Amino acid sequence: MTLVLPPRLTASAKSVRDAARGRGLRTVQLRTFEVPAGMEADHLHGGPGFADVVAPLLGIAPLEAGPGWLTVLPRELTRREITLVAIGEAYELRRPAFIKSPNDKSIPAMIYTDGSRLPGPDAVYRRTPVLVSDIVEFTAEYRLHLLDGVVHAGSQYATHGRLHLGPPSTDALAFGADLLAGYGHTLPSAIVVDVGLINGKWGVIEANAAWASGAYVSDPDLVLDVVLRAAGPTASVSARDRQFIRRPEPPQLPLDSPTLG
């Protein structure tokens, strides 16, 4: 098996690469996003832009949660109101909100004082979807690598918004297991979910593609298990996971949803 990697590697990506090599996998780091003629690979680990270019050419199927996954969860799991709207609707927002792209970084994830601060229609197609969330503060944040309905690996990565690395707490792991028990069917078989504490209560922060996520201090070998499933040969994708294959073209929402207040 071959794992293909992007031109620039983070420390986390290097740890996944080394784990792959230790398992006997061949690794190839491309110099650019261009795939050499005749190249074959089975898996990838890199950002969304890299995956969008490389995966279709190599017959790799990157899995990710649906763009509106957070909005499917009840408020007792998210601890905040979250809506998925076209950015053309978000322009009408007249209150501060945390706004981000669902599954990439095309719209910077940050607090916007109002919708006028978002990238304008000269830069972004008006039907580009964005997640609009109430502003909350997570006092502790954890990354959980999920595989086949269980928490396969985990790491703490932040405290009060600042980088803080460490093992996952028992409560974080338990919350992840409870989330999977109730809503695992809404996620691909291999995915990353970030969770955290808000006012002493557990909440889901977001879902991220495992093939594009950092490992922090999770066991690289366990992280590799999730990465290999999350971005493997298209022909090997299970029937349940086919709905979660990322498409190079971003989804576009109709501009007929209610104006946000």
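F175 is buried in the predicted model, with a relative accessible area of 10%; buried denotes under 20% relative accessible area, exposed over 50% and partly exposed the range in between, with a 1.4 Å probe and protein chains only. The model is a prediction in which local features need pLDDT of at least 70 and side-chain atom pairs count only at pLDDT 80 or more, whereas totals for chains, interfaces and linings use all residues. Residues are numbered from 1 along each chain as its sequence is written, and side-chain values use heavy atoms, with hydrogens and water left out.

A search of the whole structure gave four aromatic pairs. Rings of Phe, Tyr and Trp (the six-membered ring for Trp) are paired if their centres lie within 6.5 Å, and the planes count as stacked under 30 degrees apart, as edge-to-face over 60 and as tilted for the rest. One of the pairs is tilted and consists of Y142 and W202, with 5.6 Å centre to centre and 50 degrees between the planes. Y142 belongs to strand β9 (residues 140–147) and W202 to strand β13 (residues 201–208), so this pair ties together parts that are 60 residues apart in sequence. Helices (H or I, at least four residues) and strands (E, at least two) are DSSP runs numbered from the N terminus. Y142 and W202 are both buried, the latter with a relative accessible area of 14%.

F175 and W202 form a stacked pair, with 6.0 Å between centres and 25 degrees between planes. This pair links distant parts of the chain, F175 lying in helix α6 (residues 170–183) and W202 in strand β13, 27 residues apart. Elsewhere, the charged end of R143 sits over the ring of Y157, 5.6 Å from the ring centre; the criterion is NZ of Lys or CZ of Arg within 6 Å of the ring centre and within 35 degrees of the ring normal.

An open sheet of four strands was found, with antiparallel pairing and the order β5-β8-β6-β7. Its edge strands, β5 (82–86) and β7 (110–112), each pair on one side only. Two strands are taken to pair if DSSP finds at least two bridges between them. Strand β5 and strand β8 (residues 129–133) are joined in the antiparallel sense over five bridges, and T83 stands opposite V132 in β8.

T27 is located in strand β2 (residues 26–29). With 17% relative accessibility, T27 counts as buried. Its side chain makes a polar contact with the side chain of R21 at 2.9 Å. A polar contact is a pair of N or O atoms within 3.5 Å; within protein, one must be able to donate a hydrogen and the other to accept it, and residues adjacent in sequence count only if both atoms are side-chain atoms. Leaving aside residues up to four places away in sequence, T27 touches L3, L5, R17, A20 and R21, contact being heavy atoms within 4.5 Å.

In helix α7 (residues 220–230), the buried residues include V223, L224, V226, V227, L228 and A230. The N-terminal end of α7 is capped by D219, a side-chain oxygen of which lies 2.8 Å from the backbone nitrogen of D221.

Positive phi values occur at D148 and H160. D148, not a glycine, has a phi of about 55 degrees and is placed in the loop between β9 and β10 (150–159). For H160, also a residue other than glycine, phi is near 50 degrees; H160 is in the loop between β10 and β11 (162–166).
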